[in-house]
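This report goes through the contact between two protein chains and then through selected local features of each. Please read it alongside the sequence and the coordinates shown here.

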Amino acid sequence: MAERKLGMTVDLKRCIGCQTCAVACRMQNNVPMGMLWNRVLTDGGEHLDRARGTYPYLTKSWLPLACQHCENAPCVKVCPVGATYKREEDGLVLIDYDKCIGCRYCMAACPYNVRVFNWKEPVRQPGHDYGDAKVPKRRKGIVEKCSFCVERVHQGAEPMCVLCCPAKARKFGDLNDPDSEVSTLIRRRRTKQLLEDKGTRPQVYYLL
Amino acid sequence: MVGKTSQTMWMAILATLAAAGLGAWIYQVANGLGVTAMNNIVSWGLYITAFMFLVGLSAGGLIVSSSASVFNIKPFKAVAKPAVLLSTVCIILAALFIFVDLGRPDRFLNLVLSPRFNSPLIWDVVVIAAYLVISVLYLYYLSRPDTKETTKYTFSAIALPVAVLVHSVTAWIFGLQIARPVWHSALLAPLFVVSALDSGLALLLLVLMGLVRLGYPKLEKNLLATLAGLLAVLVMVDVFFVFSEVLTALYPSEERLMEYINLLLTGSLAPFFWGEIILGVVLPFALLLSRSRRENRTVVGMASLGVVVGVFFKRVWLLFSAYLLPLINDPPGVTLGKYQVPATEAWGSVSIWATAGSYSPTWVEYLIFIGIFAFGALLYSLGARYLLTASPDENASQAVSSRATTAGPVEARTPMVS
């Protein structure tokens with residue numbers, strides 16, 4: 001197992017639902033109006049930031065959600081043109097924006113609803129590109145999603161959501177390296193993967 | 001027979017509608033798929049529904065007509081040519097619906113240039129292309145008076161399994177997805193094939209009745225009753241599959257799956273689910289129960305129309321039941337990818353979120369939908385004018401088939417009777 005398998009842990013005990021990762025992701029990746037690659041959901045409540053349960057037995061927790069970079073990725077299987085692919089050397093699920101034909105089969109295949117489509121020419125507010133210059137531009141008619149900040153990772157940096165999390169809830173590293181921080185956390189803590197019964201084997205682990 | 005002028009009128013209307021559809025598509029390409037009602041939750045809509053529906057219509061017609069040769073069912077041979085023409089037109093329309101659904105139609109060729117064979121969509125591209133070629137060749141050989149029976153047999157023997165396969169593969173586009181519990185069923189392909197059979201046969205019956213107006217000979221009573229009887233049986237098999245599918249979900253009442261089933265039984269898709277049961281099952285079966293009514297053109301026509309509409313409803317509930325409820329639906333939900341900026345308020349109040357899907361087609365989608373179907377009707381009318389009525393061979397074998405015995409290749413070449 002010489003190759004790396006990059007993955008993330010999200011500590012749900014540390015997450016305070018501040019949405020910083022959602023905004024950081026949007027800023028880094030130049031995500032246009034109307035969509036997010038990374039969202040912070042309120043676990044169990046009826047609305048955003050609503051507590052769960054009845055008084056006085058209330059709890060409040062969040063579920064940060066983006067592409068799970070599944071090992072057994074349904075989106076990769078269905079892409080008819082190979083625009084969505086699983087990168088061999090580090091296990092990232094990526095999209096070749098120049099190949100995507102916009103059939104949206106991957107959106108039907110993804111159980112996590114983390115893929116977003118450019119239903120029209122992207123609009124940004126304020127009206128200029130605010131993302132990292134290395135992040136490729138997207139036009140209307142194609143699908144996009146979290147790339148684990150592949151441009152940053154390529155330079156040895158962490159994804160922006162990991163860097164910006166004020167609660168240090170997110171960690172990023174090589175799941176194939178038993179000594180990495182993520183592997184250690186997964187070993188020591190109780191974890192869950194989302195929709196585990198679907199057998200997608202996400203490379204994102206939630207620490208409980 | 002309808003006069004030349006009213007035929008021309010009919011075609012002019014169809015051409016106008018098709019042109020309007022083309023205009024709507026150009027508008028859609030210019031502005032993006034945002035002009036449709038689709039969004040990040042309901043990311044497929046009317047186009048893919050129509051695609052499913054048309055592949056079914058196409059496969060059904062061809063299965064009935066090619067089984068005529070394969071199993072040597074003589075009376076069916078009379079309808080072979082109109083049926084193959086119908087299949088050809090329907091499969092072209094199905095491909096068009098995939099095309100208009102693409103976000104980047106300019107990259108359409110990527111499907112051919114860099115196909116990935118792990119995608120059921122590529123399987124479908126392959127079988128649809130093969131199917132189209134076979135249908136056109138089959139039509140060509142059926143239209144030539146000097147075609148040998150063995151050639152017809154060979155083509156029908158290839159066409160029959162390909163037609164079954166084309167709709168199975170279309171079912172697998174949906175049925176192999178673990179993300180969509182209502183689709184993910186081994187029964188989906190058989191269900192699609194039997195829906196194809198009943199809707200395809202029903203449309204064929206309707207078209208044959210319409211062709212009378214173009215001077216094509218009337219279906220004789222025996223054949224009409226046989227086909228109508230077959231339709232009634234197919235409708236029953238169809239509802240048996242649906243019942244089996246729903247019962248399998250209802251009995252264990254697994255929480256997640258029940259949400260989807262409730263959408264069908266009592267929720268927003270109930271009009272389509274029960275609409276299918278009433279129009280596509282109860283009505284046609286009641287109408288076709290007795291032999292005397294199966295010989296009645298009007299009754300069979302009504303039953304057929306019910307089946308076609310019913311199966312369309314089935315496509316609607318099949319597609320949308322899978323989409324309306326995201327598996328992870330914690331608030332605020334999924335970003336729709338669409339937003340409307342209120343005229344008076346600031347950007348801050350723009351809502352882009354939803355925890356459940358909703359969809360109601362826009363005028364662009366309706367125009368394209370109508371336009372493609374009008375184009376199909378136009379194609380069929382032209383095909384009927386030049387391929388069907390002009391052939392003495394076909395009309396002759398039709399007349400022969402009413403004698404219902406030994407219509408062989410020699411007799412089939414007798415001159416036009418009607």
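Predicted model: local features only at pLDDT ≥ 70, side-chain atom pairs only at ≥ 80, totals over all residues.

## Interface and local features

Between them, chain A and chain B bury about 4,300 Å², and 58% of that area is on carbon and sulfur atoms. Of the area that chain A buries against chain B, 19% is supplied by Ile101(A), Tyr105(A) and Trp119(A), more than by any other three residues. Chain A brings 55 residues to the contact, while chain B brings 54 residues.

What polar and charged pairing does the rule find across the interface of chain A and chain B? There are 28 residue pairs in polar contact, counted where both residues are at pLDDT 80 or more, and there is one salt bridge across the interface. Asp101(B) and Arg104(A) form a salt bridge in which the closest N and O atoms are 2.7 Å apart. On the side of chain A that touches chain B, the elements giving two or more residues are strand E2 (39-42), strand E3 (62-65), helix H2 (74-78), helix H3 (105-109) and strand E6 (116-117) of chain A. Sorted by class, that side of chain A has 32 nonpolar, eleven polar and twelve charged residues.

### Salt bridges

Over all chains, the count of salt bridges comes to 20.

| Residue | Partner | N to O distance |
|---|---|---|
| Asp101(B) | Arg104(A) | 2.7 Å |
| Glu144(A) | Arg138(A) | 2.9 Å |
| Arg124(A) | Asp129(A) | 3.3 Å |
| Lys77(B) | Glu149(B) | 3.6 Å |

In the salt bridge of Arg124(A) with Asp129(A), Arg124(A) is buried at a relative accessible area of 12%, whereas Asp129(A) is partly exposed at 39%. For the pair formed by Glu144(A) and Arg138(A), both Glu144(A) and Arg138(A) are buried. The salt bridge between Lys77(B) and Glu149(B) ties together parts that are 72 residues apart in sequence, because Lys77(B) lies in the loop between helix H2 (46-70) and helix H3 (80-101) of chain B and Glu149(B) lies in helix H6 (residues 149-175) of chain B. Glu149(B) itself is partly exposed, with a relative accessible area of 27%. In chain A, salt bridges that share partners join Lys5(A), Glu71(A) and Arg201(A) into one network.

### Cysteines

How many disulfides does the structure hold over all chains? The number is zero. Cys146(A) is in no disulfide, since the nearest cysteine sulfur, that of Cys67(A), is 5.4 Å away, and a disulfide calls for sulfur atoms within 2.5 Å. Cys146(A) is buried, with a relative accessible area of 10%. Cys164(A) is likewise in no disulfide, the nearest cysteine sulfur being that of Cys161(A) at 8.4 Å, and Cys164(A) counts as partly exposed at 29% relative accessibility.

### Two buried residues in helices

Ser183(A) lies in helix H6 (residues 181-188) of chain A and counts as buried at 9% relative accessibility. The side chain of Ser183(A) reaches the backbone oxygen of Asp177(A) at 2.8 Å. Apart from its neighbours within four places in sequence, Ser183(A) is in contact with Asp174(A), Leu175(A), Asp177(A) and Pro178(A).

In chain B, Leu227(B) has its place in helix H8 (residues 221-250) and is buried, at 0% relative accessibility. Neighbours within four places in sequence left aside, the contacts of Leu227(B) are Val64(B), Phe76(B), Val79(B), Leu201(B) and Leu205(B). The C-alpha atoms of Leu227(B) and Val300(B) are separated by 9.4 Å, the two residues being 73 residues apart along the chain.

### Backbone geometry

Most residues other than glycine have a negative phi, and most peptide bonds are trans. The peptide bond from Tyr55(A) to Pro56(A) is cis, with omega near 5°, and Pro56(A) is placed in the loop between E2 and E3 of chain A. Another cis peptide bond joins Gln125(A) and Pro126(A), with omega about 5°; Pro126(A) is in the loop between E6 and strand E7 (143-144) of chain A.

Asn30(A), although not a glycine, has a positive phi of about 60°. Asn30(A) is found in the loop between helix H1 (20-29) and E2 of chain A and counts as buried at 5% relative accessibility. Phe148(A) has a positive phi near 55°; Phe148(A) is in the loop between E7 and helix H4 (150-154) of chain A, where it counts as buried at 2% relative accessibility.

Key: Residues numbered from 1 in each chain as written. Chains lettered and ligands numbered in written order. Heavy atoms only, no water. Contact = heavy atoms within 4.5 Å. Buried area = accessible area lost by both parts, 1.4 Å probe. Salt bridge = Lys/Arg side-chain N within 4 Å of Asp/Glu carboxyl O. Polar contact = N/O pair within 3.5 Å; in protein donor to acceptor, adjacent residues only side chain to side chain. Helix = DSSP H or I, 4+ residues; strand = E, 2+ residues; numbered from the N terminus. Nonpolar A, V, L, I, M, F, W, Y, C, P; charged D, E, K, R; others polar. Buried < 20%, exposed > 50% of the residue type's maximum accessible area, 1.4 Å probe, protein only.
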